[in-house]
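Subject: Handover of a structure and the findings from it

Dear colleague,

Please find below the structure that I am handing over to you. My findings follow directly after it.

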Amino acid sequence: MIIPHPLLGPRDSQEFTYLGDAHLIERPDWQAADAQDQFHDYLYLRDNPAGVHRELWFHEQGDRSWLVVTRNTVTHEILSAELARDVARAKGRSK
Amino acid sequence: MRYSGFKVLKEALTGHKGWTPAWRDPAPKPHYDIVVIGGGGHGLATAYYLAKVFSKSSVAVLEKGWIGGGNVGRNTTIIRSNYLLDGNEPFYEFSMKLWEGLEQDFNFNAMVSQRGVLNLCHTDAQRDAFRRRANAMRLNGVDSELLDTEGVRKMAPFLNFESARFPIKGGLLQPRGGTVRHDAVAWGYARGADLRGVDIIQNCEVTGFRIENGTCKGVETTRGFIGAGKVGVAVAGSSGRVMAKAGMRLPIESHVLQAFVSEGLKPILPGVITYGAGHFYVSQSDKGGLVFGGDIDGYNSYAQRGNLPVVEDVCEGGMSLMPMIGRARLLRMWGGIMDMSMDGSPIIDKTDIDGLYFNGGWCYGGFKATPASGWAFAHLLATGTPHETATAYRFDRFRKGLMIDEKGMGAQPNLH
Ligand SMILES: Cc1cc2nc3c(=O)[nH]c(=O)nc-3n(C[C@H](O)[C@H](O)[C@H](O)COP(=O)(O)OP(=O)(O)OC[C@H]3O[C@@H](n4cnc5c(N)ncnc54)[C@H](O)[C@@H]3O)c2cc1C
């Protein structure tokens, strides 16, 4: 698989390590009343779709940036790659 | 029809005209007491034990393709019960005991071959960890032996003992481990279940659940609605996809694992050998092919085929462990979809929906579990209580912090 890195262009997926579903960006609020339930779901439960999946890849052998890659889990086709930082900021996160 | 050596001889002399299909091809009935989804090893074993041990007569297995087309027909056939943790070891030993009597029990030659499973160690720390595991196994009444370098050399003189980087320091041997003809396991259970009245319905994909007031009343399928008193889901790599139709999210990711077979060679491997410095395991089939595999590819996948980096990694592992493998040609390779759970251990449990039960999260080690998983799931479906060896395999263990994490990797499925 070739990942279209937003800064470095097409890179072999071998340069990356894989973390999982991009929802892992959205860490729950630890002060919420139901924080325990939220953290259980956040940490352990997955949508695990057959089809389009947004997921976190780390460019370990490259510029060490985190990417959100959109990929089809049935065909392995990669549809897009964004900097995880941009995705998080667009959701209102400060860093 | 009972299979026997005499029957084979008789058919050989009479032109093989007396063989009949090993199971029927029934049309689905409108309602069953118990519907099992998934005609893999686990689903078929569940149906078999439901009929045989729990005397249930109204049971169907629904399979979207053909039975044995999933992981049960794609794995590297290794069976063992060499686990460390108490939540696992009694269950896998129960499975091993069932393997030992299986062929007589279901009257089918599954070629259960207890040729031994040898895990190699390459450092002192690894040897300590093996000693701990070997003792844990013995505390659970399971056979285990620690070998030193010479012991390993006696069994497998062709290994790369002189490697400067990964010298072989010894190994953990489970003599009762081994291999089983995987397709025959599916066929044997299917035939045994069918003989006891279970309907095995192929080309019947479950497309949804009918859930009324929190109770599952049956399943929608490509062959129409089928009503059910209870529904048991055992669809391995498709767990996420199927349970999503009941509105559930699981502690499971689907990943692809590849396997490889070389051309047929003269007998060389004494049993199953696993490398401790890279992820590589190998055995030799009765046809002579070296059957081997390594790590999962490591990203979510439903594709049943993997990518080349892992092929390279597996072959490097093989070359490093037993350089002679470099002369063998690769015949075939393929992939299967693993239901990788968040702690590397399975789930056999009720769901919050009445009448809906789940069996999954087998990771890349569910073949060895097939008999015990079938028995335990049948126990749960028939009695409503978990089997004594499967009490830890609950959904809520993640909420309660009671993970069964053999490798201590945490909630990171691609590391288990
Ligand atoms: C390459 C590879 C090597 C492995 N090596 C080993 C090993 O050496 N030792 C070991 O112990 N384990 C091994 N495993 C793991 C083991 O094969 C699996 O854990 C186990 O087979 C899973 O259970 P099963 O047999 O029931 O799965 P499957 O055979 O996959 O059965 C699930 C069935 O459900 C069906 N299904 C899915 N969705 C639906 C639907 N909507 N409706 C109806 N039916 C549906 C599928 O078609 C499939 O037939 C390996 C797996 C792979 C892929």
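Across the interface of chain A and chain B in this predicted model, 14 residue pairs are in polar contact, with both residues of each pair at pLDDT 80 or more. On the side of chain A that touches chain B, the elements that give two or more residues are β3 (17-21), α1 (35-44) and β4 (52-58) of chain A. The greatest contribution to that side comes from α1(A), with five residues. By residue type, the side of chain A that touches chain B divides into 10 nonpolar, eight polar and five charged residues.

The extent of this interface can be stated in two ways. Counted by residues, 23 of chain A are in contact with 26 of chain B. Counted by area, chain A and chain B bury about 2300 Å² between them, and 48% of it lies on carbon and sulfur atoms. Three residues, Y44(A), R46(A) and N48(A), supply 30% of the area that chain A buries against chain B, which is more than any other three residues supply.

Charged pairs also occur at this boundary. Side chains of opposite charge can pair when their charged atoms come close. The rule finds three salt bridges across the interface of chain A and chain B. In a salt bridge of R46(A) with E253(B), the side chains meet at 3.2 Å, N to O. R46(A) is also one of the three residues named above for their share of the area that chain A buries.

Over all chains, the structure holds 27 salt bridges. One within chain A joins the side chains of K91(A) and E26(A), at 3.4 Å from N to O. What does this pair tie together? K91(A) lies in the segment after α2 (84-90) of chain A, while E26(A) lies in the loop between β3 and α1 of chain A, so the pair ties together parts that are 65 residues apart in sequence.

The C-alpha atoms of chain A fill a box of roughly 45 × 30 × 20 Å, taken along the principal axes.

Four strands of chain A form an open sheet with antiparallel pairing, in the order β3-β4-β5-β6. At its edges stand β3 and β6 (78-83) of chain A, each with a single partner strand, so one side of each is left without a neighbour in the sheet. From one strand to the next, the twist averages 30 degrees. The antiparallel pairing of β3(A) with β4(A) runs over four bridges, and Y18(A) has W57(A) in β4(A) as its bridge partner.

Chain B contains an open sheet of eight strands, in the order β5-β6-β4-β13-β14-β15-β12-β16, and the pairing there is mixed. Which strands stand at the edges of this sheet? They are β5 (145-148) and β16 (330-341) of chain B; each has a single partner strand, so one side of each is left without a neighbour in the sheet. Neighbouring strands of this sheet are turned against each other by 25 degrees on average, direction ignored. Strand β12 (residues 252-264) of chain B runs antiparallel to β16(B), and 11 bridges join the two. Within this pairing, H255(B) stands opposite M338(B) in β16(B).

With kind regards

Technical notes: Residues numbered from 1 in each chain as written. Chains lettered and ligands numbered in written order. Predicted model: local features only at pLDDT ≥ 70, side-chain atom pairs only at ≥ 80, totals over all residues. Heavy atoms only, no water. Contact = heavy atoms within 4.5 Å. Buried area = accessible area lost by both parts, 1.4 Å probe. Salt bridge = Lys/Arg side-chain N within 4 Å of Asp/Glu carboxyl O. Polar contact = N/O pair within 3.5 Å; in protein donor to acceptor, adjacent residues only side chain to side chain. Nonpolar A, V, L, I, M, F, W, Y, C, P; charged D, E, K, R; others polar. Pairing = 2+ DSSP bridges. Axes fitted to C-alpha atoms, helices over the stretch in contact; angles between N-to-C directions.
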